[in-house]
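Dear colleague,

Please find below the structure that I am handing over to you. My findings follow it, and I would be grateful if you read them with the coordinates open.

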Amino acid sequence: MAKRLHRPREDAEFDFILGMSKVPVLAYFTGTWPKAIEHCRVMDLVVGGIADGYTGRLTAVRADITRCPAVTERYGITGAPSYVLLKEGEAVAHGTGPMTIAEVRKFLDGHL
């Protein structure tokens, strides 16, 4: 069984996952500062559940802003939680802030 939510420990690991994915990638960016932690923990559950429902159509990657600074800069991430939908490595959609499952599905369905 494939992992439902990849958690790269560094930029190179993120890039490896991105390069290996044959389907679009939902990159979900988290932070560890006090105001971000609570929202990011909730979004872990939301994004993890979404990944289960999109098996075979989507790869979900949770990237910590402090562990993946080059990736964070590459996609213009300035806060957490933030989301980037990538197709063949190119950003096709951006989102920020906490979202419900329905909002994340709407975000994805418009681009998948």
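A residue is called buried when its relative accessible area is under 20% and exposed when that area is over 50%, with partly exposed residues in between. Glu88, with a relative accessible area of 84%, is therefore exposed. Please note that the model is a predicted one.

Overall form

The chain contains four helices and four strands. Read from the N terminus, these elements follow the order α-β-α-β-α-β-β-α. A compact globule of 112 residues would have a radius of gyration near 13 Å, and the chain has 12 Å, which agrees. Along the principal axes, the C-alpha atoms fill a box of roughly 35 × 30 × 25 Å. Of the 112 residues, 46% are buried. The accessible surface amounts to about 6,400 Å², and carbon and sulfur atoms account for 54% of that area.

The four strands make up an open sheet of mixed pairing, in the order β2-β1-β3-β4. The edges are taken by β2 (59–64) and β4 (90–96); each has a single partner strand, so one side of each is left without a neighbour in the sheet. On average, and with direction ignored, neighbouring strands are turned by 20 degrees against each other.

Strand β1 (residues 25–30) pairs with strand β3 (residues 82–87) through five bridges, in the antiparallel sense. In this pair, Phe29 is placed opposite Ser82 of β3. Strands β3 and β4 also run antiparallel, joined by six bridges, and here Ser82 stands opposite Thr96 in β4. How many of the six residues of β3 are buried? Five of them are, so β3 is largely enclosed by the rest of the structure.

The helices

Helix α1 (residues 11–20) lies across β1, β2 and β3, and runs at about 170 degrees to β2. Helix α2 covers residues 34–53; at 1.5 Å a residue, its 20 residues should span 28 Å, and the 30 Å between its end C-alpha atoms agrees with this. The buried residues of α2 include Ala36, Cys40, Met43, Asp44 and Val46. Those buried residues pack against β1, β2 and β3, and also against α4 (101–109).

1. Ala80 and Pro81 are joined by a cis peptide bond, with omega at about 0 degrees. Pro81 belongs to the loop between α3 (69–74) and β3.
2. β3 and β4 form a hairpin with two residues between them. Glu88 is situated in the loop between these strands, β3 and β4. Its phi is near 55 degrees, a positive value in a residue other than glycine.

With kind regards

Definitions and conventions. Residues numbered from 1 in each chain as written. Predicted model: local features only at pLDDT ≥ 70, side-chain atom pairs only at ≥ 80, totals over all residues. Heavy atoms only, no water. Pairing = 2+ DSSP bridges. Axes fitted to C-alpha atoms, helices over the stretch in contact; angles between N-to-C directions. Contact = heavy atoms within 4.5 Å. Expected span 1.5 Å × (residues − 1). Buried < 20%, exposed > 50% of the residue type's maximum accessible area, 1.4 Å probe, protein only. Rg over C-alpha atoms; globule rule 2.2 N^0.38 Å. Areas by Shrake-Rupley, 256 points an atom, 1.4 Å probe, with all protein chains shown as cover.
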